[in-house]
Amino acid sequence: MTGKAFLFELLIPVIKIVAVILYPMIMVVVMIWLERRVVAWIQGRIGPNRVGWQGILQPFADAFKLFFKEDIIPREADKLLFNIAPILVMFSTLLAFCFIPLGESFRIGTYTLHLRIADSPVGLLLVLGLSSIGVFGIIFGGWASNSKYPLMGALRSVIQILSYEIPIGLTVLTVVFLSRSMDLVRIVESQREGGVWFGLLMPVSFVVFWISGIAETNRAPFDLPEAENELVAGYHTEYSGMKFAYFYIAEYAHMVLVSSLVVILFFGGWLPPFPSIKAFAFLHWIPGFVWYLIKIMFFLYLYVWIRATFPRYRFDALIKLVWKWFIPLSLANFLVVVALRYVL
Amino acid sequence: MNKVRRFLRAFFLVDIVQGLSITLRHYFGRKVTVQYPEVVKSLPPRFKGMLRLFRDEAGEPLCIACKACQRICPSHCFDIEGVRPEGSKVMRPTKFDWKLDRCTFCGLCVEVCPTDAIRFSETFRMSALGKDKLHFHLPDMYLRGEELQSHLCSGCLK
């Protein structure tokens with residue numbers, strides 16, 4: 001191997017690793033800004049608009065503030081678990097981004113560049129598994145704080161995430177069933193071959209997945225684990241400074257992850273709308289990555305929009321919703337999809 | 001029947017879409033925030049700002065050092081002394097100390113003043129870095145000329 005090729009082989013993974021860490025971080029920054037501005041606008045306010053152009057530097061100002069804050073560990077806390085918890089939450093979310101493709105592979109000269117780090121035939125399963133590992137961080141954080149509110153928040157979070165995993169699994173199964181693969185790139189490719197986004201083909205799957213995804217990320221109206229008026233701040237009540245920032249960033253990164261997943265599974269990833277119709281062929285001129293980002297931004301916006309619209313669920317209503325409605329619904333949906341797939 | 005209708009509305013996300021459309025309307029709606037340091041909200045006519053001694057149109061002070069405000073003030077904000085100048089019919093204050101840090105803006109002094117000399121102005125930025133900055137003496141209590149007009153509240157405008 002020549003020196004130049006060796007350098008190329010070495011450099012590309014390094015750039016990819018940097019990109020896979022930077023990409024969620026940039027999206028998180030955008031998301032924090034977007035959330036504060038959009039929620040403010042919906043409430044008739046203006047929102048942060050002083051730091052930088054239209055307040056775009058506000059998340060950085062927040063981060064700097066958190067960075068220089070005192071790092072407090074409660075006296076009776078379990079120090080090891082208390083310190084591990086934010087790292088675990090962050091790690092699981094960032095690791096999941098390794099399996100999320102950012103676009104289709106393209107060739108530079110003789111080199112084929114895959115826009116993801118890990119090429120896995122079971123990428124979908126890994127992403128779902130890793131996003132569930134984050135629950136451990138929440139349990140550890142809640143338990144190790146040795147305080148009642150974090151513990152209550154952590155308990156709620158665990159019940160909620162475990163319950164909502166089931167409809168997520170069942171709806172993902174329909175997508176896997178249609179595309180006959182758990183490879184995320186393969187799923188997008190099969191939507192290109194099918195000529196229609198799975199979200200339009202299976203609206204029930206999409207809606208159940210999306211609502212469960214909101215619950216999975218502990219977002220309003222399912223933000224019971226951090227219900228401010230009941231639990232102070234939920235599982236991260238006792239955290240301050242950078243450790244709190246870790247939880248905060250991980251929550252937003254998780255939202256980006258779920259949005260990416262929704263786009264890939266149900267809205268054709270980097271495919272333009274109507275990928276197979278000739279009349280819309282001009283949409284292919286816009287690069288796939290741009291389509292992908294537009295779709296992700298739409299779903300991130302939807303997250304904020306939903307947060308600003310709906311009041312928080314009561315806890316028993318939340319559990320009732322998933323066990324009495326979503327699980328039977330997604331199960332029936334799966335059976336219908338299977339039946340139709342074999343009939344047609 | 002009602003139950004079925006409610007179920008169908010929920011199942012086809014009618015209610016959710018309705019809610020989202022309401023918030024979307026507000027998203028593009030008018031914003032009520034006033035960008036404070038650049039834009040100051042117009043104050044209500046009976047706004048209770050900083051207390052000021054006022055002058056009449058000729059520029060003569062209205063205060064006759066009767067100490068009615070000093071007597072009625074529940075928190076003892078005032079310290080007033082006055083003398084009658086040569087050839088004058090009325091007294092004039094020689095000392096008029098007002099302690100902002102004690103004032104509760106109850107307005108009793110304004111009500112009791114027989115010559116309407118002491119009134120609320122529209123100055124509301126009253127923060128200071130030291131307690132001594134909150135003690136006002138005779139010269140700062142007066143407002144002159146245009147400054148007076150700009151600080152007159154609409155109820156006091158003559």
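This is a predicted model: local features need pLDDT of at least 70, side-chain atom pairs count only at pLDDT 80 or more; totals for chains, interfaces and linings use all residues.
Local features need pLDDT of at least 70 and side-chain atom pairs count only at pLDDT 80 or more, whereas totals for chains, interfaces and linings use all residues. Residues are numbered from 1 along each chain as its sequence is written, and chains are lettered from A in the order in which they are written.

**View 1. Helix 5 and helix 8 of chain A.** The axes of helix 5 (residues 148-179) and helix 8 (residues 203-216) of chain A come within 9 Å and cross at roughly 150° (axes are lines fitted to C-alpha atoms over the stretch in contact, with angles from 0 to 180 degrees between N-to-C directions; helices are DSSP runs of H or I, at least four residues, numbered from the N terminus). Helix 5 of chain A is therefore roughly antiparallel to helix 8 of chain A (an angle over 145 degrees). Nine nonpolar, six polar and one charged residue form their contact.

**View 2. Helix 11 of chain A against helix 2 of chain B.** Helix 11 (residues 288-309) of chain A and helix 2 (residues 14-27) of chain B pack at about 95°, with axes 9 Å apart. Helix 11 of chain A is therefore roughly perpendicular to helix 2 of chain B (65 to 115 degrees). Trp305(A), Ala308(A) and Thr309(A) contact Gly19(B), Leu20(B) and Thr23(B) (C-beta atoms, placed from the backbone, within 7 Å).

**View 3. An open sheet in chain B.** Three strands have the order 2-3-5, with antiparallel pairing (strands are DSSP runs of E, at least two residues; pairing needs at least two bridges). Strand 2 (78-83) and strand 5 (135-136) are the edge strands. Six bridges join strand 2 to strand 3 (residues 92-99) of chain B, and Val83(B) stands opposite Arg92(B).

Methods
Angles under 35 degrees count as roughly parallel, over 145 as roughly antiparallel, 65 to 115 as roughly perpendicular and the rest as oblique. Ala, Val, Leu, Ile, Met, Phe, Trp, Tyr, Cys and Pro count as nonpolar, Asp, Glu, Lys and Arg as charged, and the others, Gly among them, as polar. Two residues are in contact if their C-beta atoms, placed from the backbone, lie within 7 Å.
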